[in-house]
Amino acid sequence: MRTRWVVAAVVVAAAGAVVAFWPDSAAAGDPEIAVSRSACGTGWADPKPGPQTFRLHNTGSVTAEVDLIDPATGVIYGEVEGLGPATTRPLQVNLGNGSYAFRCLPEDASAIVGPAVQVSGGAERTGPGVAPVTHNDLLGPLKQYQQHVTTGLGELVANTGALKNAVHGGDRAASEAAWLTAHLTYERLGAAYDAFGDSDGAINGTADGLPDGTSDAGFTGFHRLEQGLWHGEDLGALGAAADQLDTDAHALQASFGDSQVDGNDLGLRAHEIVENTLQFELTGRTDYGSGTNLATARANLDGTRAVLDVLRPLLAPRYPDLSKVDRWLTRTQSLLDAAHRPDGSWTPLAQLPQKERQKLNADVGELTELLAPIAAIAEPRRVS
């Protein structure tokens with residue numbers, strides 16, 4: 001649960017249509033497609049198969065989204081978002097045989113579907129584009145994920161309470177074990193952190209950017225306790241930090257009932273959780289002494305699976321590589337599980353043999369790439 005990843009451009013891939021968007025520029029001879037509240041898709045006079053670029057020109061007075069669709073099914077083969085008034089942007093496509101039309105969705109106005117155009121003489125469309133996911137489609141997955149987080153927060157407050165008691169009881173080994181249990185519980189809730197607001201920083205923030213670093217009064221939560229527990233700080237002095245963490249966890253549990261995970265976030269987080277694992281956990285940047293980055297990485301995989309589980313009914317017919325994602329998740333999980341020692345401890349990242357570390361980095365990198373399209377596929381879209 002770190003820095004939010006933002007999709008700068010969406011790529012939709014299919015056997016018969018591969019599209020990409022800005023910043024590529026269009027040539028003067030490319031067809032210009034008019035977009036407005038009253039008309040959509042005019043200007044496509046010479047339909048042809050294969051690679052080509054359309055210049056989408058918004059002749060209206062409001063910003064619009066433009067999709068290239070199969071008019072019979074609504075399947076999307078390309079899109080440009082945020083096309084402002086009097087603005088022209090390119091849409092690059094590689095079209096197979098079939099029927100296409102532009103659908104324009106101006107702000108504060110109903111969708112307009114332009115004239116259907118038949119493309120022939122090229123390759124057959126052997127695979128689907130992407131059927132749009134609507135806000136209504138996401139209601140079920142969001143409800144399921146909301147319940148998953150609610151259950152997880154119940155476990156979190158139980159575990160932070162046990163951690164607080166262990167610290168006040170003066171047992172360092174028990175405190176360290178309780179810390180790891182509670183921290184991993186929190187890390188499994190990766191897709192919800194945007195709904196957590198400021199609580200995420202208080203509970204799981206690092207000392208990065210704080211004026212006094214690890215000595216700063218603003219350094220609180222799990223990593224503050226980690227710093228103290230594994231660097232020999234007196235447990236009596238850590239009692240206040242343990243109390244604050246427990247208080248913050250209870251406050252988050254209470255406030256989450258009035259919060260809502262954003263539908264835009266679910267698909268995005270499936271990729272982001274693993275990307276952040278690669279950036280923070282597999283570099284050791286978040287290690288404040290416990291040497292448990294690999295345990296956190298393993299918890300992050302659980303968090304990713306939780307997102308995929310609720311999205312699976314939507315992804316299965318839309319993402320051909322979903323089974324490949326599952327295989328790489330299992331493969332990466334096996335590598336991380338191997339670092340979990342029989343005594344319950346975890347191999348510190350720095351002690352992982354170089355070949356194993358390289359393999360783990362490569363596998364997590366591959367998994368990150370496979371998860372990236374899910375952000376675009378599961379993004380809720382207007383269709384009317």
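One convention before the sheet: two strands are called paired if DSSP finds at least two bridges between them, and a strand is a DSSP run of at least two residues in state E. Please also keep in mind that this is a predicted model.

With that, look at strand β3, residues 32-35. Strand β3 pairs with β4 over two bridges, in the antiparallel sense.

On to the rings. Counting ring centres that lie within 6.5 Å, the model has eleven aromatic pairs. Take W44 and F54: the ring centres are 4.8 Å apart and the planes stand at 70 degrees. Why is that edge-to-face? Planes over 60 degrees apart count as such, so the 70 degrees of W44 and F54 qualifies. This pair also brings us back to the sheet, since F54 sits in strand β5 (50-58), while W44 is in the loop between β4 (40-42) and β5. The two residues are ten apart in the chain. Both are below the 20% cut-off for buried: W44 has a relative accessibility of 9%, and F54 has 0%.

A second pair is F219 with Y288, which is tilted, at 5.3 Å centre to centre and 40 degrees between the planes. F219 lies in the loop between α4 (199-204) and α5 (222-229), and Y288 in the loop between α7 (263-281) and α8 (293-315), so this contact ties together parts 69 residues apart in sequence. Are these two buried or exposed? F219 is buried at 2% relative accessibility, and Y288 is buried at 10%.

There is also a cluster linked by ring pairs, made up of W179, Y186, F196, F222, W230 and F256.

Last item, a charge and a ring: the charged end of R125 sits over the ring of Y100, 4.8 Å from the ring centre.

That is what I have; questions are welcome.

Definitions and conventions
Residues numbered from 1 in each chain as written. Predicted model: local features only at pLDDT ≥ 70, side-chain atom pairs only at ≥ 80, totals over all residues. Heavy atoms only, no water. Phe/Tyr/Trp six-rings, centres within 6.5 Å; stacked < 30°, edge-to-face > 60°. Helix = DSSP H or I, 4+ residues; strand = E, 2+ residues; numbered from the N terminus. Buried < 20%, exposed > 50% of the residue type's maximum accessible area, 1.4 Å probe, protein only. Lys NZ or Arg CZ within 6 Å of the ring centre and 35° of its normal.
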